[in-house]
Amino acid sequence: MKEVRCERCDNIIGMGCACPPDGSVPKADPEGRPVRQEWRRFPGNAILIKQNGKAHVPGACDHMTEDEVRAPKWGWILEPSPGHWGRISEGCPAIASGGNTRLQATSRCMTCMGTLGG
């Protein structure tokens with residue numbers, strides 16, 4: 001059987017990946033990582049882009065709320081391509097397709113990365 005890595009957390013699916021395949025919020029985390037908070041307006045795989053160039057994932061960090069994520073201070077990608085989160089960098093920015101579409105993210109939130117496991 002081929003090992004397949006999760007596009008969001010980069011762990012092997014079935015061996016460390018706790019991300020639900022439908023993008024919903026995990027109810028419990030067996031490895032003790034923080035549990036994601038459920039959001040209503042954004043799917044679990046969306047990429048949120050703040051004015052400062054930092055990318056976030058809905059509910060994966062506790063220093064922002066869903067009510068704060070509004071244009072023009074925020075942009076977002078509701079349906080990112082597979083692996084998009086892991087590729088975000090100076091050389092491969094995430095460009096908002098909704099909200100403030102002038103925003104780009106060149107780095108990922110460390111808290112989100114910790115919650116997602118990578």
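pLDDT is the predictor's confidence in each residue, on a scale from 0 to 100, and the structure shown in these views is a predicted model.

**View 1. The whole chain and the confidence of its prediction.** The mean pLDDT of the protein chain is 82, and 69% of its residues reach 70 or more. Over residues 25–30, by contrast, the pLDDT is below 50, although this stretch has 15 contacts in the model beyond near neighbours in sequence. The protein chain contains two helices and seven strands, and from the N terminus on these elements follow the order β-β-β-α-β-β-β-β-α. Of the contacts in the protein chain with a separation of 6 or more, 50% are between residues 24 or more positions apart.

**View 2. The hairpin of β1 and β2.** Strand β1 (residues 47–50) is joined by two bridges to strand β2 (residues 54–56), and the two strands run antiparallel. Together they form a hairpin with three residues between the strands, and glycine 53, which lies in the turn, has a positive phi of about 85°. Within this pairing, leucine 48 stands opposite histidine 56 of β2.

**View 3. The pairing of β1 with β3.** Strand β1 also pairs with strand β3 (residues 74–77), in the antiparallel sense and over four bridges. Here lysine 50 of the pairing stands opposite tryptophan 74 in β3. Isoleucine 49 touches a series of residues, not counting those up to four places away in sequence, and among them are Trp74, Gly75, Trp76 and Ile77, as well as Lys54, Ala94, Ile95, Leu103 and Ala105.

**View 4. The salt bridges of arginine 40.** The count of salt bridges in the model comes to two. In one of them, the side chains of arginine 40 and glutamate 66 meet with an N to O distance of 3.5 Å. Arginine 40 lies in the segment before β1 and glutamate 66 in the loop between β2 and β3, so this pair ties together parts that are 26 residues apart in sequence. The side chains of aspartate 67 and arginine 40 meet in a salt bridge as well, at 3.9 Å from N to O. This pair likewise links distant parts of the chain, with aspartate 67 in the loop between β2 and β3 and arginine 40 in the segment before β1, 27 residues apart. Through shared partners, the salt bridges join Arg40, Glu66 and Asp67 into one network.

View 5. Glutamate 66 counts as buried because its relative accessibility is 6%, where the limit is under 20%. Aspartate 67, with a relative accessible area of 49%, is partly exposed.

**View 6. The largest nonpolar core.** In soluble globular proteins, nonpolar side chains tend to be buried together. The largest nonpolar core of this model has 25 residues, and those with the most contacts inside it are Phe42, Ile47, Leu48, Ile49, Val69, Trp85 and Ile88. The elements that give two or more residues to this core are β1, β3 and α2 (110–116).

Notes. Residues are numbered from 1 along each chain as its sequence is written. This is a predicted model: local features need pLDDT of at least 70, side-chain atom pairs count only at pLDDT 80 or more; totals for chains, interfaces and linings use all residues. Side-chain values use heavy atoms; hydrogens and water are left out. Two strands pair if DSSP finds at least two bridges between them. Contact means heavy atoms within 4.5 Å. A salt bridge is a side-chain nitrogen of Lys or Arg within 4 Å of a carboxyl oxygen of Asp or Glu. Buried means under 20% relative accessible area, exposed over 50%, partly exposed in between (1.4 Å probe, protein chains only). A nonpolar core is a set of buried Ala, Val, Leu, Ile, Met, Phe, Trp, Tyr and Cys residues joined through side-chain atoms within 4.5 Å.
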